[in-house]
Amino acid sequence: MAPDPMDILNTGLTREASDRPGDDPIFALDGEARRRAAAGEHIVNATLGALHDESGALSTLPTVVDLLAHAPSACYGYAPIVGSAEFLEGVRRDAFGAGALFDSSIAVATPGGTGACYAAVVNFLERGQNLLTTDLYWSPYGILAQHAGRGVETFAMFDAEGGFNTPALAEAIDGQLAQQGRCLLFLNTPCHNPTGYTLDDAEWGRLVEVLLAAAAKGPVTLLLDHAYAAFAPESAAAWVPHVERLLGKLSVLLAWTASKSLALYGGRVGALIAAHSGAEERRRLFNALGYTCRGTWSNGNHLGQWAVGRVLNDERLRSQVAAERAELFGPLDARVVAFNAAAQQFGLETPRYEGGFFVCAFTGAAKEAAALAREQGVFVVPLQGALRLALCSTKLEDVPRLVEVVAGALTAVASGAAR
C-alpha cells in the first residue's frame, strides 16, 4: 500500500531519513531462523558472525567473563573521550607487536570495529566521495558511508585464477585519485568477510607496490579491517613487514575489535589505530579522531576497556586467554576442513578458504538460491554475486547438510527450476 501523502507531509523526518530500510537484512534472517527453530524445525542458521560451540551456545572466554564480573566500581564512571591509556597501548601492541608500526602509531577507542570504520570514513573522505573496497564486502560499509554522506566504489576482488586482483585494485585507485583526488581503501584481511579469503605473502608484496606507486600521485589511506585476525592461519602474520614499508608514504589505519578476538560482541569495544612516521601528523591524527569520538559516541565502554586492557597488558591473563581461545579454534577449524571437503564433493565454486568465520559460494542468482535454501531450513546470506555462509555459527554435524542444500539450490536456480 502506498504511504498516505499527508503522513509524509506531517513527519519531522528529512526526506532522506523518511525512506530508510528497517531491520538489518542479516539480523532479519537470523530472527526468522530462530523463530522457525523454536517452532520445532531442524534449522541450519549460517547467518550471524558470532562463534557458537557444538551445542549451539555462544562461545565465550571464561577469563574475560570473570574479569567483567569482578571489575572495580571506578569502571562505572566515564572513560576518557579517546579511551583509557592502558587499553589503547594494549590494542596497539596486539595489532602491531613491537616495532616500527607500534612506535609510529596512535589510537582512539571506538564502539567495535564498526565505529573504527565510521571514524575513518568521516576523517579521510570529503562529503560526496567514495571509499574503495572489494566487490564482495561487508554490507555495513555501505551503510556507514551513506549515513556519512559518502559512498562506496568497488573493484573485482579475484582474478581469473582465483587470486587477489592487484591489477584491478591499481586501476581503481588511479581512477579515484583522478576523480576525487584521494583514496581510502578498506581491506578486510585476514579471513575476509564474506569470502574467508586471506592474502598470502606474495599478494601482500604486490599490494604494497601498488600502494607505494599510487601514493606518489596523491593522498592514499589504507584501512585494514582486522576483525577476524585472531582466527587467521599462521601465515597471515606476514603482513606486518610489508605494511611497515608504507610508513611515511601514506596513512595506515587498522580497525581493531574485541568482538571476535575476545568473544565480546555485545561489549562494543574497539579502536581505530593510525600509524604514520611523522610526529606532527600523528598529533593531527589523534586530534581529528578524538574529535570524532566526542562528536558521535562521546565516551566508550569503560568497563569493557578496563577488562580488555587488563588482558592485553598482563602476560598471565594474556596467556590464559590465548589458551582459552585456542580451544575455540578446534571446532571452527574442523568445520573449515569439513566444508572444503564437502564443497569439492558437491562442486561449489568458492575462494581459497583456510580459516575464519565465513566463506562464500559464488553465484549470479544469490537471492533466488538463498530463498530455495530457506525453504529447506538452511539460512545463508545473499550478496551481489555470492552466498555468504557463516561456519562460525554452524555445527560440525550440520556442515554437510549446509553444503548439500546450498549446492542443490544453486543447481536448481541454474537449471531454471526456481522459476
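**Strand β7**

I began with strand β7 (residues 251-257) in this predicted model, and I found that seven of its seven residues are buried, so the strand is largely enclosed by the rest of the structure. I then sorted the side chains by direction: Ser 251, Leu 253, Ala 255 and Thr 257 point one way from β7, while Val 252, Leu 254 and Trp 256 point the other way, and the residues of both sets are buried.

Next I looked up the partners of β7. Strand β6 (residues 220-225) runs parallel to β7 and is joined to it by five bridges; within this pairing, I noted that Thr 221 has Ser 251 of β7 as its bridge partner. With strand β8 (residues 270-275), β7 pairs in the antiparallel sense over six bridges, and here Leu 254 stands opposite Ile 273 of β8. For my own reference, strands of a sheet pair through backbone hydrogen bonds, either parallel or antiparallel.

**The loop between β5 and α9**

The bond from Thr 189 to Pro 190 is cis, with omega near 5°. A cis peptide bond also joins Asn 193 and Pro 194, with omega at about 25°, and Pro 194 is likewise placed in the loop between β5 and α9.

Cys 191 has its place in the loop between β5 and α9 as well, and I marked its backbone because phi is near 55°, a positive value in a residue other than glycine. Is Cys 191 buried or exposed? At 2% relative accessibility, Cys 191 counts as buried, the cut-off for that word being under 20%.

**Ala 263**

I also noted Ala 263, which has a positive phi of about 50° although it is not a glycine. Ala 263 lies in the loop between α11 (258-261) and β8, and with a relative accessible area of 12% it is buried.

**The sheet β9-β12-β11**

I then traced an open sheet of three strands, which has the order β9-β12-β11 and antiparallel pairing. Why is one side of β9 and of β11 left without a neighbour in the sheet? Both β9 (358-362) and β11 (381-383) stand at the edges with a single partner strand each, so one side of each has no neighbour there. From one strand to the next, I read an average twist of 30°.

Looking at one pairing in detail, I found that three bridges join β11 to strand β12 (residues 386-390), the two running antiparallel, and that Leu 383 has Ala 386 in β12 as its bridge partner. Helix α16 (residues 399-415) packs on this sheet and touches β9 and β12, and the direction of α16 makes about 170° with that of β12.

**Helices α6 and α12**

Two packed helices are described by the angle between their axes and the distance between the axes, and I looked up both for one pair. The axes of helix α6 (residues 112-124) and helix α12 (residues 279-295) come within 10 Å and cross at roughly 115°, and α6 passes α12 in a right-handed crossing.

Which residues meet where α6 and α12 are in contact? From α6 I listed Ala 119, Val 122, Asn 123 and Phe 124, which meet Leu 285, Ala 288, Leu 289 and Thr 292 of α12. By class, this contact has six nonpolar and two polar residues, with no charged ones.

**Aromatic pairs**

Last, I turned to the aromatic rings, where the structure holds 14 pairs. I examined the pair of Phe 339 and Tyr 353: the ring centres are 5.9 Å apart and the planes stand at 85°, so the pair is edge-to-face, a class that calls for an angle over 60 degrees. Phe 339 lies in helix α14 (residues 315-346) and Tyr 353 in the loop between α14 and β9, so the pair ties together parts that are 14 residues apart in sequence. Phe 339 is buried at 0% relative accessible area, and Tyr 353 is buried at 6%.

Note on methods. Residues are numbered from 1 along each chain as its sequence is written. This is a predicted model: local features need pLDDT of at least 70, side-chain atom pairs count only at pLDDT 80 or more; totals for chains, interfaces and linings use all residues. Side-chain values use heavy atoms; hydrogens and water are left out. Two strands pair if DSSP finds at least two bridges between them. Helices (H or I, at least four residues) and strands (E, at least two) are DSSP runs, numbered from the N terminus. Axes are lines fitted to C-alpha atoms, for helices over the stretch in contact, and angles run from 0 to 180 degrees between N-to-C directions. Contact means heavy atoms within 4.5 Å. A crossing is left-handed if the near helix is turned anticlockwise from the far one by less than a right angle, and right-handed if clockwise. Ala, Val, Leu, Ile, Met, Phe, Trp, Tyr, Cys and Pro count as nonpolar, Asp, Glu, Lys and Arg as charged, and the others, Gly among them, as polar. Rings of Phe, Tyr and Trp (its six-membered ring) pair if their centres lie within 6.5 Å; planes under 30 degrees apart count as stacked, over 60 as edge-to-face and the rest as tilted. Buried means under 20% relative accessible area, exposed over 50%, partly exposed in between (1.4 Å probe, protein chains only).
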